[in-house]
Amino acid sequence: APTPSWQATQVQAYLNSGALLPPVTEFNSSGRAYPDITALAHHFMIVENGEVLSVDGTSASAPLTAGIFALINDNIFNNGGNPLGFLNPALYTAAASSSVTQDVIYGNNTTTEGSFILRTPCTTAGYGATSGWDAVSGFGSPNYNALLSALQ
């Protein structure tokens, strides 16, 4: 599928930014780009079966982000509004005109280690972070209050 219209401007800006990109043979530069946003999820503390644990990655950031949008929907609903529905176009519009996230501008998602379990070598192919939307963190980590104001 081609890049959706609601993200085309940001994706093209990223592709033209000079940020680290993998070889063109390893990604579709004209398709749907992701992620849209990301949440900080390193040493994220949870309680499981009464035990406090530290977790990392998508297992922590996805429920956190879902919770943020559930709270925004709840606030909108309790003030007589309609739920957000398909969020992506509104998110891209809000992010283009305000600071609804904490932008992640440094870093990349390359690897420096191979997988012993999968027996794969390390790779330096990946994407680099830059100002605005990027293929490492999307628009960055959500700012609840700013998102609430922008999406109401």
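**Exercise 1. Find how many aromatic pairs the whole structure holds, and classify the pair of Trp6 and Phe86.**

Step 1. Rings of Phe, Tyr and Trp (its six-membered ring) pair if their centres lie within 6.5 Å; planes under 30 degrees apart count as stacked, over 60 as edge-to-face and the rest as tilted. A search of the whole structure gives 5 aromatic pairs.

Step 2. The ring centres of Trp6 and Phe86 are 5.9 Å apart and the planes stand at 75°, so this pair is edge-to-face.

Step 3. Trp6 belongs to helix H1 (residues 5–15), and Phe86 to the loop between helix H2 (58–78) and helix H3 (88–97), 80 residues apart. Helices (H or I, at least four residues) and strands (E, at least two) are DSSP runs, numbered from the N terminus.

Step 4. Ring pairs join Trp6, Phe86, Tyr92 and Phe139 in a cluster.

The model is predicted: local features need pLDDT of at least 70, side-chain atom pairs count only at pLDDT 80 or more, and totals for chains, interfaces and linings use all residues. Residues are numbered from 1 along each chain as its sequence is written, and side-chain values use heavy atoms, leaving out hydrogens and water.

**Exercise 2. Decide whether Trp6 and Phe86 are buried or exposed.**

Step 1. Buried means under 20% relative accessible area, exposed over 50%, partly exposed in between (1.4 Å probe, protein chains only).

Step 2. Trp6, at 19%, is buried. Phe86, at 57%, is exposed.

**Exercise 3. Locate the buried residues of helix H4 (residues 144–151).**

Step 1. They are Leu147, Leu148 and Leu151.

Step 2. Their arc around the axis is only 100°, so they lie on the same side of H4; the arc is that of the directions from the helix axis to the C-beta atoms.

Step 3. The face turned away from the buried side of H4 carries the exposed Asn145 and Ser149.
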